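The sequence and the coordinates come first.

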Amino acid sequence: MTTPILDALKTHIPDAHITMMVGPWSSEVVARHPAIDCLLTCPFPGFQRAPQKSLAPYILLLSMAQQLRRNRYDLAINLRPDFWWGAGLLYLAGIPHRMGYAIEPGRPFLTRALPFNSPEPAPVSNLRLVSAALETLGYSPLEQPYTPERYPLQFIPTAEEQGWVNERLDKEGINPDTPIVVIHPGAGAAVKLWRTEAWSACASIFPALFTSPTPVRIILTGSKSERPMLEEIGQGMTAQAQPLLVTDASVGQLAALLRRAQLVLGVDSGPLHLAVAQATPTMHIFGPTDPRIFGPWGTAGRHIVIASAQRCPTCPSIPCGRLDFGPKEVAAHPCVRLVPEQQVEAAITTMLKKESTSQSCQRH
């Protein structure tokens, strides 16, 4: 959701040398972006949901600051609004202009801190920072309003990645005219997951919803560790909707597959945003995270969000914003699992009708 800022920066400062520092878990998303001159990876503390030694974040902070200091940057932007560690890193690196949001305890490390408007879409928050950064350097600010049409998500699969998808589908007897629905049920936090039996039930309605001469094919995608979940979903589906499981795709290959689909379904996860970047219609199920911040950044009407209205017993609100539940705690936080199948099935039906009407109008 940071990709909209990259073209905006390069367009306003064509001769700028742009370095981006990201966690290694997300580097593949931006590694190929044409606006980036240098990509650095850093295993930022606090994002891996794994125990660490108490001094490890500070040792890493000093080491990374020393590395950045050697590059003599003119300006840096701390894109994560509440990430004090990132703001501290920019300060210790001696970067003269340091942009971010006025959220404690990171605010003192910044030379310019904007008031944080919450909730607002994450791409808008990012674009506001970049616009202020441009003004700080004496350039004109970004054009408003900040919309997905003007500042879209960007990830373009290569010809090789598209070829991989074509070959894979051809082996399964899926020709170019076959309609495809992709379900990506996994996420980085267990509390975000929907019920496997609910995915099975919803997937089973697609054969009746598609009227094309070639029967629709369902594809379940995920990581290798998520394969047992995908198999469980597939086992619960009807014989007419038996799925293809894809668990060995790279980020680029997955993007090419999502581009080929007529519809992508899932929970709040990175691959769903990857689908939005391919201009493929999507449906997202949200629970603990706020769709007003992390919802799809794409053309209105082509992306549906179903947000759980069921507050978990020990959470102060819905959405609560918390993801770091231990395995024994997840059962007591069923907000996503309580989303009814009927609501999702109704949204799917509405979406497909809307897409069919839109395509018919375009043909005429």
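## Strand S6 and its partners

Strand S6 and strand S7 (residues 217-221) run parallel to each other, joined over 4 bridges. Strands are DSSP runs of E with at least two residues, helices are runs of H or I with at least four, and both are numbered from the N terminus. Two strands are called paired if DSSP finds at least two bridges between them. In this pairing, Ile 180 lies opposite Arg 217 of S7. S6 also pairs in the parallel sense with strand S9 (residues 263-267), again over 4 bridges, and His 184 stands opposite Gly 266 there.

The model is predicted: local features need pLDDT of at least 70 and side-chain atom pairs count only at pLDDT 80 or more, while totals for chains, interfaces and linings use all residues. Residues are numbered from 1 along each chain as its sequence is written, and side-chain values use heavy atoms, with hydrogens and water left out.

## Burial of S6

How many residues of strand S6 (residues 180-184) are buried? The count is 5 of 5, so the strand is largely enclosed by the rest of the structure. Buried means under 20% relative accessible area, exposed means over 50%, and partly exposed lies in between (1.4 Å probe, protein chains only). Ile 180, Val 182 and His 184 are buried on one side of S6, and Val 181 and Ile 183 are buried on the other, leaving both faces covered.

## Asp 82

Asp 82 sits in the loop between strand S3 (75-77) and helix H4 (84-92). Its relative accessibility is 47%, so Asp 82 counts as partly exposed. Between Asp 82 and Val 246 there are 164 residues of separation in sequence and 35 Å in space, C-alpha to C-alpha.

## The chain as a whole

The chain holds 13 helices and 11 strands. Its radius of gyration, taken over C-alpha atoms, is 22 Å, close to the 21 Å that the globule rule gives for 364 residues, so the chain is as compact as a globular protein of that length. That rule is 2.2 Å times the number of residues to the power 0.38. The C-alpha trace spans about 60 × 50 × 35 Å along its principal axes.

Of the 364 residues, 47% count as buried. Among contacts (heavy atoms within 4.5 Å) between residues at least 6 apart in sequence, 60% join residues at least 24 apart.
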